[in-house]
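Here is a note for a colleague who is meeting this structure for the first time. Please read the points below with the sequence and the model side by side.

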Amino acid sequence: MAKIKSIEHFRVKPRWLFVKVTDDEGNFGWGEGTLEGHSLAVEGALDEIITRIIGYEADDIQHIWQTVWRLGFYRGGPVFMSALSGIDIALWDLKGRKLGVPVHQLLGGRFARRLRFMPGLEVIDQVMLRPRREFRKERIAQGLKCIKMNATEDVNWLDSPAVLESCVERLKQVKALGLDAGLDFHGRLHRPMAKQLAKALEPYHPLFIEEPLLCEHPEAIKQLSEQTTIPIAFGERLYSRWDIKRFLEDSSVDILQPDIAHAGGISETMRIANMAEAYDVAIAPHCPLGPIALAASLQVAVSIPNFVIQEMSLGMHYNVEAGDIDLNSYLVDKTVFDIKEGYVAAPSKPGLGIDIDEDLVRKISKETEPWQPKEFYGPDGSIREW
């Protein structure tokens, strides 16, 4: 059995962290452990994990996952789980490549033949600032039926109700284009404002509201879920099945959004999806990240019956700010994520179904500084939620 020979990680623009695992027979796989704003911490966690698992049999993915999880004593949380995610995804890619099959064949086979896509528009005014004709040309021509966008800018614990009116207006403009929209509250609102915004949005039927409150307030999310008819989505800041369990048990979530680069990779995301199915909860993988995370998400999505829609980062402002770097930049075949009639075809190539331009990754990694998130401050100088 081939053993793990080396594990490398690469910080690349715009804000991604790639992982490469190579065995002693020359087989390799790529993973992604991106944790926005915390690259240095994840890199440190990776360095620690790598020293433990060099020499392990690369095929024993579950043994490696459980070893890292259980024998470290301290576990969980975004940094640890993102590091584990990068390695886990790379091991699945390696195994699929070696066997000559897509990863989803190793997960039980394909459930669907194509997957519904949803582009993210993280700049909240992007729809209003850009001409409708341009927006229609780019998105509707792809057959896309919905988008996801931030609901608000920074909002105080108790703010003027007028600050919520722009969110309602943006939703109305998107609906006028014939599109549905998921609205990401981004955890920026607190209870007094979240209740008001959910009620104001109800007449305009958003696809869902995401992170209406931070997940550290489960009792408030439960209360809000009982007050609104809008489906509630969250999960990008939940990192394991144990984090998610209570939200399934109290029926406060309608759409779970595990991020495969944060939530333990392909192995744990599959377990989360299977748990959610038992509670009649849908899965919409969170992924405003790089191509490896997206490819891994698609391998899980195509394998499960409760998948509903896939987020993707093509053209997001984080990527645009990085110059010429976007979702497809590191891919050899830049057509694998092509959208037709609002869908992308199920992956068919071995492993994750993508080939990474390693020369470009190594080149860009030499000049990539750690990415820092935007800062939000109120008029009084106090820090607001990112």
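1. K195 sits in helix 8 (residues 191-201), where helices (H or I, at least four residues) and strands (E, at least two) are DSSP runs numbered from the N terminus. K195 counts as partly exposed because its relative accessibility is 39%; buried means under 20% relative accessible area, exposed over 50%, and partly exposed in between (1.4 Å probe, protein chains only). Not counting residues up to four places away in sequence, K195 touches L224 and Q227, contact meaning heavy atoms within 4.5 Å.

2. On the basis of the coordinates, this is a predicted model, in which local features need pLDDT of at least 70 and side-chain atom pairs count only at pLDDT 80 or more, while totals for chains, interfaces and linings use all residues. Residues are numbered from 1 along each chain as its sequence is written, and side-chain values use heavy atoms, with hydrogens and water left out.

3. On confidence, the protein averages a pLDDT of 91, and 94% of the residues score at least 70, pLDDT being the predictor's confidence in each residue, from 0 to 100. Over residues 122-133, however, the pLDDT is below 50, although this stretch has 28 contacts in the model beyond near neighbours in sequence. Where pLDDT is low, the predicted coordinates should not be read in detail.

4. E32, found in strand 3 (residues 28-32), is buried yet has no salt bridge, and the nearest side chain of opposite charge, R15, is 8.1 Å away. For charge, Lys and Arg count as positive and Asp and Glu as negative, whereas His and the chain ends are not counted; a salt bridge is a side-chain nitrogen of Lys or Arg within 4 Å of a carboxyl oxygen of Asp or Glu. A polar atom of the E32 side chain lies 3.0 Å from the backbone nitrogen of G290, and one lies 2.8 Å from the backbone nitrogen of A293.

5. The structure holds 21 salt bridges, one of them joining the side chains of E358 and K20 (2.8 Å, N to O). Because E358 lies in helix 14 (residues 358-365) and K20 in strand 2 (residues 16-23), this pair ties together parts that are 338 residues apart in sequence. E8, K20, E358 and R362 are linked in a network of salt bridges.

6. R97 forms a salt bridge with D93, the closest N and O atoms being 3.1 Å apart, and D93 and R97 are 4 residues apart in helix 3 (residues 78-99), separated by about one helical turn. R97 also forms a salt bridge with D355, at 3.2 Å between the closest N and O atoms.

Note on methods. Polar contact = N/O pair within 3.5 Å; in protein donor to acceptor, adjacent residues only side chain to side chain.
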